[in-house]
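Colleague: I would like to know what the labels on this model rest on. Please give the rule each time.

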Amino acid sequence: MKQQFISGSFLKLIAIILMCIDHIACFLYPNEWLSNILTTIGNKDITVYFLMRAIGRMAFPIFSFLIVEGFIHTHNRFKYGRNLLIFALISEIPWNLVHQNTIFYQTQNIFFTLFFGYLCMVAIEYYYNNKIRLSISLLCLLIISIVFKADYRCTGIGVIMLMYILRKNRILMSIICTCLLPSKWIGGLSFIFINLYNGKRGFIKNNIAKYSFYLFYPIHLLIIWFIKFHL
């Protein structure tokens, strides 16, 4: 369709930019420039911090959608899941450092949430004709995500599962997932970009570009950590 003009690569770029905006505000606050008031709506002061965090709420649904698309189109499901787990482990120390300048922190980075979502899709596909085993598998993964304290926890995994199940009806997927998101309509704005996705890979084609996309996450966390604690 002509109105669908955003490729998967461009969608990744949008998600990365939104994530950076969110993390800069999240991890560098409090800061004088982040506290600047842009406008006032009613009794609510709209600060730079508030606006950046609001914009950043659109990142996770896009990343979730990209994980579903990657799962569907990958030629090697095992390798795809393995890569998610490897980068979850690589990203854990930068994630911990940027929070409290320590190698240990109570929650886990978003790659673990995406990995658990991947496992849910594997379970749905493998146990599709066995509802009991499927229900037990999904329940166990949801409980593990809560105990493990993965970012977004079971809500994030639920969004990924619903995107996978409802992938052939993007309008319904957009409505239901928006209701499930903690940020509701703010995060729901991400579905504007998702519904403009044309199903094409785009400019990220070789392994260097693909793994650069993965590496951006821990690298940008390290940069923010350095700014936060050493400048």
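Colleague: What makes the contact of Arg 77 with Glu 125 a salt bridge?
Modeller: The closest N and O atoms of Arg 77 and Glu 125 are 2.6 Å apart. A salt bridge needs a side-chain nitrogen of Lys or Arg within 4 Å of a carboxyl oxygen of Asp or Glu, so the pair qualifies. This is a predicted model, where local features need pLDDT of at least 70 and side-chain atom pairs count only at pLDDT 80 or more, while totals for chains, interfaces and linings use all residues. Residues are numbered from 1 along each chain as its sequence is written, and side-chain values use heavy atoms, with hydrogens and water left out.

Colleague: Which parts does the pair of Arg 77 and Glu 125 tie together?
Modeller: Arg 77 is in helix α4 and Glu 125 in helix α5, so parts 48 residues apart in sequence are tied together. Helices are DSSP runs (H or I, at least four residues; strands are E, at least two), numbered from the N terminus.

Colleague: Why is Arg 77 called partly exposed?
Modeller: Its relative accessibility is 27%. Buried means under 20% relative accessible area and exposed over 50%, with partly exposed in between (1.4 Å probe, protein chains only). Glu 125, at 42%, counts as partly exposed by the rule too.

Colleague: How many salt bridges are there by this rule?
Modeller: The count comes to three. Arg 53 and Asp 22 meet in one of them, at 2.5 Å from N to O. Arg 53 lies in helix α2 and Asp 22 in helix α1, so this pair ties together parts 31 residues apart in sequence.

Colleague: What is the volume of the largest pocket, and which residues lie nearest its centre?
Modeller: The volume is about 900 Å³. The lining has 33 residues, with Lys 12, Gly 70, Tyr 80, Arg 201 and Lys 210 nearest the centre. A pocket is an open set of points on a 1 Å grid over the protein atoms alone, where a 1.4 Å probe fits, with protein on both sides within 12 Å along at least five of seven lines; lining residues have an atom within 4 Å of a point. The volume is the space filled by probe spheres set on the points, which are joined across faces, edges and corners.
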